[in-house]
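Trainee: I want to learn to read cavities, salt bridges and cores from coordinates. Can we start with cavities?

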Amino acid sequence: MVRMKTNDKSEHEEILRSNVPETYLVLPLRNAVLFPRQVVPLTIGRGVSLRAVREADREDLPLLILAQRDPTVDSPRSKDLYTTGTVAKILKTYALPDGTKSILVQGMDRVRVLSVTQDEPTVRVIAYRLNEAPAATSDDAAAVAAIKKVFHEIADLSDEIKPEHVNLLGTLDSPGAVADIAVSLVAAGIAEKQEILETENVSERLRKAQTLLSTCYSRLEIGDKIRTDVQEEVNKTQREYFLREQLKAITKELGENNENEETRELKSRLSRKAMPDEVRKTAEKEIERLGKIQPSSAEYVVARTYLEWILDLPWQVSTPDRLEIAAANSILERDHYGLGKAKQRILEYLAVRKLKNDMRGPILCFVGPPGVGKTSLGRSIANALGRKFVRLSLGGVSDESEIRGHRRTYIGALPGRIIQGLKKAGSNNPVFVLDEIDKLGRDFRGDPSSALLEVLDPEQNSSFSDHYIEVPFDLSNVLFIATANMLETIPPPLRDRMEIVEIPSYVDEEKLGIAKGFLVPKQLAAHGITDAQVSFEESAILSMIRNYTREAGVRSLERRIADVCRAIAKNIVENGGAAAVTVTPESLSRYLGKQVFFSEVIERINRPGIATGLAWTPVGGDILFIEATKIKGKGNLILTGQLGDVMKESAQAALSYIASQSERLGVDESFRERFDLHVHFPAGAVPKDGPSAGVTILTALVSVLTGRAVRNDLAMTGEITLRGAVLPVGGIREKLLAAHRAGVRTVILPEKNRRDLDEVPEKVQREMTFHFVREMEDVLRLAFAECDVAKAASKMADQAEVRA
């Protein structure tokens, strides 16, 4: 057992009489002393401190806080600690992300250590609480009044002492409490504070506290009032601070220029920088303030960083636009296949810019499925215009400060990513792509989409204010292009500020052209293969498109081409430069394995109760199989497949229509009394909703109730009403392209969607047959090729006679 040094024998006996000895866990504290009645937050990061807090909580032991003699010791033992400390009560504990803890503690009683029972991994001691005898002498009362007066004077000179501290001290009556709280709040050395903590006699403690406070006050006054004996105790840092302050005052009185080299450099850069007058005045004022700050101060770094940002921003630096429409169109056609609507919009902008030079940049939003080239189109537009290109990914961004920046009062503050992007571009008119704007987040830190309202509003962005820069920056020359997969998740006010340009899915022929012109050459170069070594037949590329990918864009196709190139590169290396290789449809299985996708419509539509619908998804269109079956029951309708409310209501409307028109449809009128109907949408893990599956649900139900199979080369889409009308739906282009990819060549569409065929590629229109309908009777007549509705009704009547 290690024993700490204590006072003489008589004092030891007095301790034994004062209180009963207890076992304490020790929390070492460096650079600070905790006094009774003091409430202070502590950051616990050292292993010995974290263990002490955990063990004290686990074993329900009191926590004794002892100050370190040497604050540089990271793993202190008993010999490194003072022998008098304070029992602490933990009020709150916070776990920090880096594994450390922050605790809020309150000092309770003075404690003096008698012995140490454990020195590692944590320090445990036996100690005694010291009772504080009340003081009531006139000298003590005078000392209390003097301490309060000096403390008030210190508060007038020190920013660290707040008015609430003065009010707190004024409400205290206990002399010991006045001494403890006053000393704990002033700036003094550890040894000085520890000496007062170790002073048990209240009168003596008051005297020492009064002396320490007077010393602190004298240090603050500087000059003739500093007593010789106190001046020797001022540490080096304080002396340097006072000397610098005196030097600044003397320099100011003499009128001498104290401008340093950095200040002169900043003024020189400012004189050469083109910027608005308002910004220049702000920068000049900040440089003047910088000259009055000591370089060793943290505030100096903040001011210098701010000035660097001001001087680096392209306030009036622009790149000239390439206004030749033919040249711009050539670049767009070289970089991207198709995308005629988006290209046309950019060429229109160039034409207007050529006629009216001061036109503001448009705010465009490219909406389309993944992999169709929205982001790369933005880079191509920058090349066509001769502008710089900046991309900002907004996916998952949920902090408003990412857009507007942090205020300079925060440590490590920076401008928002809009201003950062402009600095990186070096011009005030780049093409700025806001990628994945539909995936913005929102939490307690603010709403980034609201911050973007100013950025994307042509009426406001000419004076965009970043929280860090705090001066307006003109964004009206920037060509903003947002990209999104869907519009529904973009807030309406933000969507209203953008011009929507839809980027549609690619058909097989477009994918073939992209692969031949872009993807194959890119992957051959990426794998070190020349055109002379490898060639792809068109039929092979089409086979990859149809049998190994199923997507709206071309990302998976590019990966499959890369797979083929890697396999061929391996063969070339192994065979030492073999003869040229031609990739054919037959050879794809050697490189890509077995065929992945099949046209499964014919195989799946092989019995009554199954119909093929068409669906729109954020990644393009898709075909949707709807299965219906009947089981013995009492007319219940069962719906499965993770359906939304709108789709459920469509199924209920379909069932009600069949019940009301059962005789005309050839359905037994008593089916609701004898059967339950179960409608299932495969791919149950995928949520589904919307009214466009209404005609498909009704067709599947009629099929199962009449025992007739739906045509296996037919797909359909449309909303239904209770009277059997077929209403128009959206996403026709994507749905028809999905049907074409799946091998469906006949599609039933609502009559009012006839105008939407203009958006469908001509080749798809030539290869498919479209039937436009107004009523469900037309749908059923087309769906059941072998007999029309009237024949079905006759068949049902014959069946009824047989049963009779």
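Mentor: Definition before numbers. On a 1 Å grid over the protein atoms alone, a cavity is a set of points where a 1.4 Å probe fits but cannot get out, and lining residues have an atom within 4 Å of a point. Grid points are joined across faces, edges and corners, and a volume is the space filled by probe spheres set on the points. A search of the whole structure gives four cavities of 30 Å³ or more.

Mentor: Now the ground rules. This is a predicted model, where local features need pLDDT of at least 70, side-chain atom pairs count only at pLDDT 80 or more, and totals for chains, interfaces and linings use all residues. Residues are numbered from 1 along each chain as its sequence is written, and side-chain values use heavy atoms, with hydrogens and water left out.

Trainee: What volume does the second largest cavity have, and which residues line it?

Mentor: Its volume is about 40 Å³. The lining includes Leu29, Val33, Ile65, Leu66, Thr84, Gln194 and Leu197.

Trainee: Which elements supply at least two residues of that lining?

Mentor: Helices (H or I, at least four residues) and strands (E, at least two) are DSSP runs, numbered from the N terminus. Strand 3 (63-67), strand 4 (84-95) and helix 6 (190-198) each supply at least two lining residues. Strand 3 gives the largest share, three residues.

Trainee: How do the lining residues of this cavity divide into nonpolar, polar and charged?

Mentor: Ala, Val, Leu, Ile, Met, Phe, Trp, Tyr, Cys and Pro count as nonpolar, Asp, Glu, Lys and Arg as charged, and the others, Gly among them, as polar. The lining has eight nonpolar residues, three polar and no charged.

Trainee: Are Arg387 and Asp321 buried or exposed?

Mentor: Buried means under 20% relative accessible area, exposed over 50%, partly exposed in between (1.4 Å probe, protein chains only). Arg387 has 8%, so Arg387 is buried. Asp321 has 15%, so Asp321 is buried too.

Trainee: What else is in the loop between helix 12 and helix 13?

Mentor: Thr319 is there. Thr319 is buried at 18%. Contact means heavy atoms within 4.5 Å. Leaving aside neighbours within four places in sequence, Thr319 contacts Gly386, Arg387, Lys388, Ser427 and Asn429.

Trainee: Where do Arg781 and Asp778 lie?

Mentor: First the geometry: an α-helix has 3.6 residues a turn, so residues three or four places apart point the same way. Arg781 and Asp778 both lie in helix 31 (residues 776-783), three residues apart, about one turn. Their salt bridge is 2.5 Å, N to O. Arg781 is partly exposed at 41%, and Asp778 is partly exposed at 23%.

Trainee: Which residues are linked in a network of salt bridges?

Mentor: Glu262, Arg269, Arg304, Glu308, Asp312 and Lys423.

Trainee: Last, cores. How many residues has the largest nonpolar core?

Mentor: In soluble globular proteins, nonpolar side chains tend to be buried together. A nonpolar core is a set of buried Ala, Val, Leu, Ile, Met, Phe, Trp, Tyr and Cys residues joined through side-chain atoms within 4.5 Å. The largest has 52 residues; Phe366, Phe536, Met544 and Val583 are among those with the most contacts inside it. Helix 22 provides the largest share of this core, seven residues. Apart from it lies another core, of 51 residues, including Leu313 and Trp315.

Trainee: What does Phe536 touch?

Mentor: Not counting residues up to four places away in sequence, Phe536 touches Val520, Leu524, Ile541, Met544, Ile561, Val564, Cys565 and Val583. Ile541 and Met544 are among the buried residues of helix 21 (residues 538-548).

Notes:
1 Å grid on protein atoms, 1.4 Å probe; cavity = no way out; pocket = protein on both sides within 12 Å on 5 of 7 lines; lining within 4 Å. Salt bridge = Lys/Arg side-chain N within 4 Å of Asp/Glu carboxyl O.
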